Amino acid sequence: MREMLASPMPRTHIMLGGVSLSGGMTKSFIQVAIIMVFGFLLGGVEFFPGGYSAARIVLSILGIFAFVAAFSLGFLLFSSAISMRLESPEGLQGGIITLLTLPLFFVSNALYPVQAFPPLLQALSIYNPP
């Protein structure tokens with residue numbers, strides 16, 4: 001967002017230029033690698049239960065990173081598309097909070113018990129992370 005506001009270039013060139021996209025994807029890769037290593041070392045998580053060959057494990061890890069790349073790229077493009085239409089960083093933060101956080105908050109049991117929800121909200125609350 002800061003780069004878009006400060007640069008004399010058109011905003012679409014910055015968004016599609018790849019610098020912010022590759023930086024964001026690199027952060028996602030680092031986070032996934034750290035989570036996998038700590039899950040293995042501290043939690044005893046078995047990502048690949050016995051019987052997998054080394055080639056299949058490498059292919060699976062590459063698949064995980066391909067999924068993370070696609071997912072993070074989608075979110076980066078989504079947030080860039082939102083920020084291109086705004087004039088201040090505060091507007092981006094408020095928009096994301098309003099768009100993502102409030103619907104999750106309203107289908108949680110923070111205000112009322114789930115049993116008191118209408119049937120549609122009860123169905124949605126099943127998919128809400130705790």
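Reader: In which segment is Ile126 found?
Author: This is a predicted model, in which local features need pLDDT of at least 70, side-chain atom pairs count only at pLDDT 80 or more, and totals for chains, interfaces and linings use all residues. Residues are numbered from 1 along each chain as its sequence is written, and side-chain values use heavy atoms, with hydrogens and water left out. Helices are DSSP runs (H or I, at least four residues), numbered from the N terminus. Ile126 is found in the segment after α6 (119-125).

Reader: Is Ile126 buried or exposed?
Author: Buried means under 20% relative accessible area, exposed over 50%, and partly exposed in between (1.4 Å probe, protein chains only). With a relative accessible area of 64%, Ile126 is therefore exposed.

Reader: How are the rings of Phe29 and Phe65 paired?
Author: Rings of Phe, Tyr and Trp (its six-membered ring) pair if their centres lie within 6.5 Å; planes under 30 degrees apart count as stacked, over 60 as edge-to-face and the rest as tilted. A search of the whole structure finds four aromatic pairs. In one of these, the centres of Phe29 and Phe65 are 5.5 Å apart and the planes stand at 70°, so the pair is edge-to-face.

Reader: Which parts does the pair of Phe29 and Phe65 tie together?
Author: Phe65 lies in helix α4 (residues 54-84), and the two residues are 36 apart in sequence. Phe29 lies in helix α3 (residues 19-41), so the pair ties together α3 and α4.
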